[in-house]
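I'll jot down what I look up as I go.

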Amino acid sequence: MAKRIDVSGLTAYYGSHKAIEDISMTVEPRSVTAFIGPSGCGKSTFLRTLNRMHEVTSGGRVEGKVLLDDEDLYGQGIDPVSVRREVGMVFQRPNPFPTMSIFDNVAAGLRLNGSYKKSELSDVVEKSLKGANLWNEVKDRLNKPGSGLSGGQQQRLCIARAIAVEPKVLLMDEPCSALDPISTLAIEDLIGELKERFTIVIVTHNMQQAARVSDRTAFFNLAAVGQPGKLIEIDETERIFSNPSVQATEDYISGRFG
Amino acid sequence: MSTAITEKRPSTLRGASLPKWSPYAIAVGSVALGLGISAAAGLDSSIQWALMAGVLFVLGTYVISARVEGRRQAKDRVATALVWVAFLLAVIPLVSLVWSTVSRGVKVLDFYFLTHSMGLVADSEPGGGIYHAILGSLEQVGLATVIAAPIGVLTAIYLVEYGRGKLAKAVTFFVDVMTGIPSIVAGLFILSIMLMFDMQPFGFAGSLALAILMMPVVVRSSEEMLKLVPNELREASLALGIPKWRTILKVVIPTSIGGITTGIMLAVARIAGETAPVLLLVWGNSLINSNPFEGAQQSLPLYIYQQYANSAGAGAAYDRAWAASLTLIAFVMILNLVARGIARWKAPKTGR
């Protein structure tokens, strides 16, 4: 079910500004890959190129290849809508749909895609909420608005919403940066469970988090403000945090940055 | 303990201050003084003593406060006093308008008045009613809304969700231009088309002119409401693999529907009081005509105008004009209340 991602020679622009340059990497299926690096180095931009959300921003365009199990996401005739069904995304700030109940939020992906059977819907919702470790907290108030939940619950609701459509890959853009340590722990545990079923890519500013949850870690950096961000190295998380092969990575991780 | 210890040093944090009731006292004093001066000088206009009282209030506040509390507090109090005077000045016309409309309007406003037309009643005689005008207003405004609201909302959706480049800029520019069209010009525009085809006045022609006036207002308000929808919601929906049109239909519009409805209702309230295009295109009619597509019709603002203009000072016609004005104000107010109700009902829920 989980799919491999192969990126080669990827460059992304905002209008005429080059945000990231010539990035190549492989993300193995059923693994967690963490992206670390300073602000503005293009981690989130790169993440958004993996499900064609980059082009939603005005002026956003991409050169290069992103292969999802040998199929180029930027190839001719590829429908970005179908790409996003295979590659789901969780955002930095929890963003449940304010007009919908908890149930409807989780069901939104299926319902609005029009590809579901009515009888299956409540099963899918229950399964997804259980998958996101939220079921026990909300099972008695599925018809209440999703925006009434706490921040950590909302973020898990967004994860449930994302996994309800059964994507192959799950992208997470700093999913814990707006959450307290306990909610963060809940989400980190959840990531550990989800990696059995999905390929997970997570952007984080928290290096302990990267060390805790990921199998592989990629370090991004930019030469100077205004320069495009580049992939410095990607390796096993243990190696990156104990014995990185590039000096810049070690400087960043040990706090001797800049 | 000796009494020497109870002797306190003056606090550096607490200065002298006027008692809490002092602004009211100054207000009462300046009104009394204003009345006294105008009585002594033999001025009989209430505007003169009120203005005098206002000026005295501001000056008195400053002088008294500056002597007791110091200059900085005095400036603070003067600012507060100015705000109060400005508020009263703004409220006076509103209250007097509502008061005179209600007090003169209720004279003939009853069930009979609302359910009968002016069919067999001359403008100078008592009796008659505004049923034909209410019917005409409802039909004309209703048809105008049916035309303008969908076009306006769709235009706003285009501008916010899709519009890029020159076309969007041109549309925005022309919407701005349309906002400035005087109602009589919109009426003349439709009239020129009617004359080309040699048509007689009818209700729907008025609706068309009203729709022209309504459209830019709807576009503007809906645009602002759609812009308020956070981009994160659109991205969340797109990232679920939901196509853009369904994202707009199922996420963006439901989130902003309350504001859009309010905007439409306010636009309706605005065109409900338009007289000029109706005068040109619908002409007015003292009989009941429920068909907006054929024959002259009546409408409330036009009825008010005609009762005033054609009655040559007959008291009965004046009373009817005021009663119709009251009905029109009530109509607009009900629309506003309905809009607020819908906005509250449809607003994104935050309850737990």
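I started with strand 3 of chain A, residues 32-36, and asked how many of its residues are buried. Five of its five residues are, so I wrote the strand down as mostly covered, with 20 or more other C-beta atoms within 10 Å as the cut-off for buried. A note to myself: this is a predicted model.

Then I looked up the pairing. Which strands does strand 3 of chain A pair with? I found strand 8 of chain A, residues 199-203, in the parallel sense over four bridges. In that pairing Thr33(A) stands opposite Val201(A). I also found strand 9 of chain A, residues 216-222, again parallel and again over four bridges.

I count 10 helices and 10 strands in chain A. The radius of gyration of chain A is 18 Å, close to the 18 Å from the globule rule for 258 residues, so I noted chain A as being as compact as a globular protein of that length. Along the principal axes, its C-alpha atoms fill a box of roughly 55 × 45 × 30 Å.

Of its 258 residues, 47% are buried. Among contacts with a separation of 6 or more, 68% join residues 24 or more positions apart.

How values were computed. Residues numbered from 1 in each chain as written. Chains lettered and ligands numbered in written order. Predicted model: local features only at pLDDT ≥ 70, side-chain atom pairs only at ≥ 80, totals over all residues. Buried ≥ 20, exposed ≤ 12 C-beta atoms within 10 Å, placed from the backbone. Helix = DSSP H or I, 4+ residues; strand = E, 2+ residues; numbered from the N terminus. Pairing = 2+ DSSP bridges. Rg over C-alpha atoms; globule rule 2.2 N^0.38 Å. Contact = placed C-beta atoms within 7 Å.
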